[in-house]
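Thanks for coming, everyone. Please bring the model up on your screens, and I will walk you through it.

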Amino acid sequence: MTNFSNDDFWKPVVTTRQIIQGEDIIVCVSLDMEGDWEALGNEDFSDDDLDVLSVEEMLQLDPSLASLPEMECGQVAVRDGKDAPWQVEDADE
C-alpha cells in the first residue's frame, strides 16, 4: 500500500493544465498497476492538456492530497468536491 504524501516527492504525477492553472479541482486520484499517479478533475480535457508535476508540486498545489488514504496499485480515490472525503475503490468499478 502507498500513501500519496509519503511517496517519493520527485515521483511524477500526470495531471491537467486546468488543475495546474486553478480552473479545475482534483476529484480523482489513481494509482495504476505500475505504481504511477494520476490526478484529474471534473473538466473535460484533451491529450494536449496533460502535464506532469512531481508529488511535491502536487501537494503544494492542493494540500488536501495529503489526506488521501493509503492505496494499492489499481485503485482510485474519488471525492465529490474539494472539502469532501476521499473514497477508495478498485479502478474497474
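Strands here are DSSP runs of E, at least two residues, helices are runs of H or I, at least four, and both are numbered from the N terminus.

Some ground rules. This is a predicted model, so local features need pLDDT of at least 70 and side-chain atom pairs count only at pLDDT 80 or more, while totals for chains, interfaces and linings use all residues. Residues are numbered from 1 along each chain as its sequence is written, and side-chain values use heavy atoms, with hydrogens and water left out.

Back to the strands. S1 and S3 pair in the parallel sense, over two bridges. Pairing means that DSSP finds at least two bridges between the two strands. S1, residues 12–16, also pairs with S4, residues 50–54. That pairing is antiparallel and has five bridges. Within it, Thr-15 stands opposite Asp-51 in S4.

Now the whole chain. The protein has two helices and six strands. From the N terminus, the order reads β-α-β-β-β-α-β-β. The C-alpha trace spans about 30 × 25 × 25 Å along its principal axes. The radius of gyration is 12 Å, which agrees with the value near 12 Å for a compact globule of 93 residues. That radius is taken over C-alpha atoms, and the globule rule is 2.2 Å times the number of residues to the power 0.38.

How much of the protein is buried? Buried residues make up 41% of the 93. Buried means under 20% relative accessible area, exposed means over 50%, and partly exposed is in between, with a 1.4 Å probe and protein chains only. The protein exposes about 5,400 Å², and carbon and sulfur atoms supply 45% of that. Contacts are heavy atoms within 4.5 Å. Of the contacts with a separation of 6 or more, 59% join residues 24 or more positions apart.

Next, the core. The largest nonpolar core has 17 residues. Such a core is a set of buried Ala, Val, Leu, Ile, Met, Phe, Trp, Tyr and Cys residues joined through side-chain atoms within 4.5 Å. Phe-4, Ile-26, Val-29, Trp-37, Met-58 and Leu-65 have the most contacts inside it. S2 (28–31), S3 (37–40) and H2 (55–61) each supply at least two residues. H2 gives the largest share, three residues.

Take Phe-4. At 1% relative accessibility, Phe-4 counts as buried. Leaving out residues up to four places away in sequence, Phe-4 touches Val-13, Trp-37, Val-55, Met-58, Leu-59, Leu-65 and Leu-68. Trp-37 is buried too, at 2%.

How many aromatic pairs does the structure hold? One. The ring centres of Phe-4 and Trp-37 lie 4.9 Å apart and the planes meet at 75°, so the pair is edge-to-face. Rings of Phe, Tyr and Trp (its six-membered ring) pair if their centres lie within 6.5 Å; planes under 30 degrees apart are stacked, over 60 edge-to-face, the rest tilted. Phe-4 sits in the segment before S1 and Trp-37 in S3, so the pair ties together parts 33 residues apart in sequence.

Last stop, Arg-17. Arg-17 is found in helix H1, residues 17–20. With a relative accessible area of 33%, Arg-17 is partly exposed. Arg-17 touches Glu-23 and Asp-49, again not counting residues up to four places away in sequence. The C-alpha atoms of Arg-17 and Trp-37 are separated by 16 Å.

Definitions and conventions:
Accessible areas come from the Shrake-Rupley method with a 1.4 Å probe; for residues, only the protein chains shown count as cover.
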